[in-house]
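Reader: I'm new to this. Could you walk me through reading a structure?

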Amino acid sequence: MAKLDRRLDLKRPVTVWRSQDLIEGREASSLTMILRTVGCRWNRCTMCGYASEGAPATAEDLIAQFERAMQRSSGAQIVKIYTSGSFLDPQELPEPARDKILQRLEASGIKRLVIESRPEYITAERVDKCLSSLETEFAIGLETANDLIRQQLIGKGFSFQDFVAASEIVHEQGGRVKAYLLLKPPSRSEGEAMRDAIASARAAGPFAEVLSLNLCNIQRNTYVEHLWEKGEYRPPWLWSALEVLKSVPGPIVCDPVGAGTRRGPHNCGECDAAVAEAIRSHALAQDVGPFDNLDFVCRTAWYELMDLEERAFGNPIV
Ligand code: SF4
Ligand SMILES: [Zn+2]
C-alpha cells in the first residue's frame, strides 16, 4: 500500500503546540491542536483559506488525531481543539467522536476546554454536553459588531443578534464565550478598520468573557489574497492593533500570527519583532503600560498614512 502523504495522514492532527494562557488571571499551560475534519461547512468568508485543509476524516480518524495530540498534554491545564471550522457541527465532528473526546478530557483532569463554533451549531444540548464534562469556552468568530461589514465585506452569514443568542445559550448554562474580532476586513481603510475593531470590542464585551483580536493574514486562495495581489489590500499595521488593545477594557488577547511578514500584520520591518513581542506579553499581563515605551519612527508614518487615507476617502482623523 502506498505510504500516505504525512500532511494528509488522517490519523494525525494538522498541528499541535504548547503555550501559556490565562485562567482567572493566572498563567496556565495550554495544549492547542488543530484537527483535520472535512472543513467548515460555510466556507465563504473572504479572508479564510481553511477550506484547503479539509479531508474526509471519519469519527475514528478524529479520535486518533485527538489521541495523538494528547500525547503532548502532560501538565496542560487548558486544551484548545480547533477544526478550521466548527467543533459543534455534527457534520464536521460526528457526535460519537465529540462524546469520546469530552469523556477523555474529563478523565484526564483538564481544567478548561476551548472550542470554536459558528453560532448556528451552538445549541443548548451540545453546550450542556460539553459543560457536563468540563469547563468550556466557546469561541465565536463574530469578527465585527457591524452587520453590514460582517455580511458585505466578510461574508460571514450571521448577524450580531445571532452571536448574542448563541452567547446567551452558553451563559445560561454557565459556560464561557470568547469573541473573535477581525482587524482589518477588506475594503476598509486602516483608520476605519481600527475604529470598527474598537467599537466592536465595546459592543461584544458584555456578551463575552474574553475578546480575541485577530490580525488579518493573507491566506491562500481567498478574496483577500486576490485584492492583495492587485495592491488593493494591506494587512493591518501592528500600531493599529496596539491602539485597539489600549482603547478597550479587557480582557482582550491578541496573538499576532505572521507578524512582520508580507502576508501578516506588519509595520516597517525594523520594529515588527519588538511590537509583536509587546502584543504577546500583553495577552498574559493585560497591561498596556509597556506599550508607551515603544517609540519607533514608523509610528509617525503609520499615523500620517492613515490621515492621508482618511482625507482622500473621508472621515479625517485630525
Ligand atoms: S472564517 Fe470560520 S466560518 Fe468563515 S469560512 Fe473560515 S472557518 Fe468557516
Ligand atoms: Zn517600524
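Here we talk through a sheet and some helices.

Author: Quick ground rules: this is a predicted model, where local features need pLDDT of at least 70, side-chain atom pairs count only at pLDDT 80 or more, and totals for chains, interfaces and linings use all residues. Residues are numbered from 1 along each chain as its sequence is written, chains are lettered from A and ligands numbered from 1 in the order written, and side-chain values use heavy atoms, leaving out hydrogens and water.

Reader: In what order do the strands of the open sheet come?

Author: Strands (E, at least two residues) and helices (H or I, at least four) are DSSP runs numbered from the N terminus, and two strands pair if DSSP finds at least two bridges between them. Here eight strands form an open sheet, ordered E1-E2-E3-E4-E5-E6-E7-E8, with mixed pairing. At the edges sit E1 (15–23) and E8 (252–254), each pairing on one side only.

Reader: How many bridges join E7 to E8?

Author: Three, and E7 (residues 210–215) runs parallel to E8. For example, Ser212 has Val253 in E8 as its bridge partner.

Reader: At what angle do the axes of H6 and H10 cross?

Author: Axes are lines fitted to C-alpha atoms, for helices over the stretch in contact, and angles between N-to-C directions run from 0 to 180 degrees. H6 (residues 190–204) and H10 (residues 298–313) have axes that come within 8 Å and cross at roughly 100°. They are therefore roughly perpendicular (65 to 115 degrees).

Reader: Which residues of H6 and H10 meet?

Author: Contact means heavy atoms within 4.5 Å. Glu190, Gly191, Glu192, Met194 and Arg195 in H6 meet Trp302, Met306, Glu309 and Glu310 in H10.

Technical notes:
Angles under 35 degrees count as roughly parallel, over 145 as roughly antiparallel, 65 to 115 as roughly perpendicular and the rest as oblique.
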